[in-house]
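Here is a short briefing to read with the model open beside you. Take it one topic at a time and follow along in the viewer.

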Amino acid sequence: MNELGGYFELELQRTNEYHQNAIRLNTGRNAFEYILKGKGYKKVYLPYYTCDVMLEPIEKLGVSYEFYSIDQSFSPVFDFQKIKEKDAFLYTNYFGLCDKHVEDISTKVRNLIIDNAQSFYSHTLPEVDTFYSPRKFFGLPDGAYLYTNKRLQEELEVDVSYQRCEHLLGRIDINASSFYKSFVEADNSLINQSIKQMSRLTQRLLSSIDYERTAKKRIENFKQLHQVLETKNKLEFNLADFGVPMIYPYLIDNGKELKQKLIKNKIYVASYWPNVYDWAKKDSFEYDLVENLVCLPIDQRYGKNEMEIIKQLI
């Protein structure tokens with residue numbers, strides 16, 4: 001019997017999750033592991049420009065891997081004829097801006113895996129294994145969504161998330177910088193986790209989000225920055241080609257200095273991903289992205305005033 005009475009829990013709105021029909025898991029890397037395990041792949045091709053946590057399931061399962069490059073439109077530079085029956089090809093939908101690439105690659109590649117960790121709102125394609133990491137878009141302790149036609153025949157433990165929420169609560173009560181250490185600790189606690197079902201807390205949080213408002217805000221903020229920064233941005237976008245972006249990627253020659261200036265002014269811009277320094281050549285596009293890509297926040301917490309502050313600083 002459920003517990004009745006006693007103290008109250010957090011009051012969270014109950015609506016529908018955006019990805020209602022997905023398999024609910026604890027992390028994006030474990031969703032990737034689920035695919036590798038279920039399909040029995042022996043080798044994976046993955047981009048140089050990706051997070052090093054993607055190697056965690058590969059190494060855990062003893063799968064071999066090989067990196068490939070991307071061009072300045074984020075399209076793979078790769079001979080797809082190399083892919084064998086037990087090989088998989090992983091493509092990242094960078095910053096939610098690469099839906100057209102995903103569609104194009106899906107017509108050329110067998111055993112395709114789409115990493116939509118940075119593209120929460122993008123739709124899946126038929127028979128294409130796809131996973132999402134919603135904490136890249138929302139205030140969550142963990143969680144992932146997975147679409148695959150291969151189910152693992154094993155009982156998965158349900159994850160528990162409450163101990164990873166200090167930074168989420170502390171940012172509301174005090175500020176972000178005071179709880180950055182807690183954020184890092186929560187992030188580190190996800191390392192080498194076994195595949196688990198999504199926690200009840202994370203699922204409840206995902207059932208309380210206004211997804212339509214969030215999408216609208218992100219698109220508006222992206223466009224506001226793009227109107228001013230487009231001419232200096234080394235990246236080119238066709239706004240009709242994608243859905244809901246994660247950040248505004250601003251690539252310039254002196255991006256490293258601009259990142260430092262923004263952070264000094266309490267505009268926290270992430271660098272994706274420093275591990276690429278060890279993988280890619282110094283004259284590569286990937287190396288330039290790590291060094292000079294400025295990932296400007298355009299998420300649902302902000303509006304015209306915040307975008308104006310960012311523009312003025314730049």
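In this predicted model, the largest nonpolar core gathers 68 residues. Those with the most contacts inside this core are Tyr49, Phe74, Phe89, Tyr91, Phe95 and Leu296. Helix α7 (residues 211-229) supplies the largest share of the core, 5 residues.

**Nonpolar cores**
- In soluble globular proteins, nonpolar side chains tend to be buried together.
- Leaving aside residues up to four places away in sequence, Phe89 touches Tyr45, Tyr68, Pro76, Phe78, Phe80, Ile83, Ile105, Val109, Asn111, Leu112 and Ile113.
- There is also a second, separate core of 24 residues, and Leu25, Tyr41, Ile58 and Leu156 are among its members.

**Helix α7**
- With 19 residues, α7 reaches 27 Å from its first C-alpha to its last, close to the 27 Å expected at 1.5 Å a residue.
- The buried residues of α7 are Tyr211, Thr214, Ala215, Arg218, Asn221, Phe222, Gln224, Leu225, His226 and Leu229.
- An α-helix has 3.6 residues a turn, so residues three or four places apart point the same way.

- An open sheet is built from 8 strands in the order β1-β8-β7-β6-β5-β2-β3-β4, with mixed pairing.
- The edges belong to β1 and β4 (76-77); each has a single partner strand, so one side of each is left without a neighbour in the sheet.
- Strand β8 (residues 144-147) is covered on both faces: Ala144 and Leu146 are buried on one side, while Tyr145 and Tyr147 are buried on the other.
- Strand β1 (residues 23-25) pairs with β8 in the antiparallel sense over 3 bridges, and Arg24 has Tyr145 of β8 as its bridge partner.
- Strand β7 (residues 129-132) also runs antiparallel to β8, joined to that strand by 3 bridges; here Thr130 stands opposite Tyr147.

**Asp159**
- Look for Asp159 in the loop between β8 and α4 (166-173).
- Is Asp159 buried or exposed? Its relative accessible area is 5%, under the 20% cut-off, so Asp159 counts as buried.
- The side chain of Asp159 makes a polar contact with the side chain of Arg164, at 3.2 Å.
- Not counting residues up to four places away in sequence, Asp159 touches Asn26, Asp142, Arg164, Lys196, Gln197, Ser199 and Arg200.

**Cysteines**
- How many disulfides does the model contain? The count comes to 0.
- A disulfide is a covalent bond between the sulfur atoms of two cysteines.
- Cys295 is in no disulfide, and the nearest cysteine sulfur, that of Cys98, is 13 Å away. Because a disulfide requires sulfur atoms within 2.5 Å, that distance rules the pair out.
- Cys295 is buried, at 3% relative accessibility.
- Cys165 is buried as well, with a relative accessible area of 11%.

Definitions and conventions
Residues are numbered from 1 along each chain as its sequence is written. This is a predicted model: local features need pLDDT of at least 70, side-chain atom pairs count only at pLDDT 80 or more; totals for chains, interfaces and linings use all residues. Side-chain values use heavy atoms; hydrogens and water are left out. A nonpolar core is a set of buried Ala, Val, Leu, Ile, Met, Phe, Trp, Tyr and Cys residues joined through side-chain atoms within 4.5 Å. Buried means under 20% relative accessible area, exposed over 50%, partly exposed in between (1.4 Å probe, protein chains only). Helices (H or I, at least four residues) and strands (E, at least two) are DSSP runs, numbered from the N terminus. Contact means heavy atoms within 4.5 Å. Two strands pair if DSSP finds at least two bridges between them. The expected span of a helix is 1.5 Å times one less than its number of residues. A polar contact is a pair of N or O atoms within 3.5 Å; within protein, one must be able to donate a hydrogen and the other to accept it, and residues adjacent in sequence count only if both atoms are side-chain atoms.
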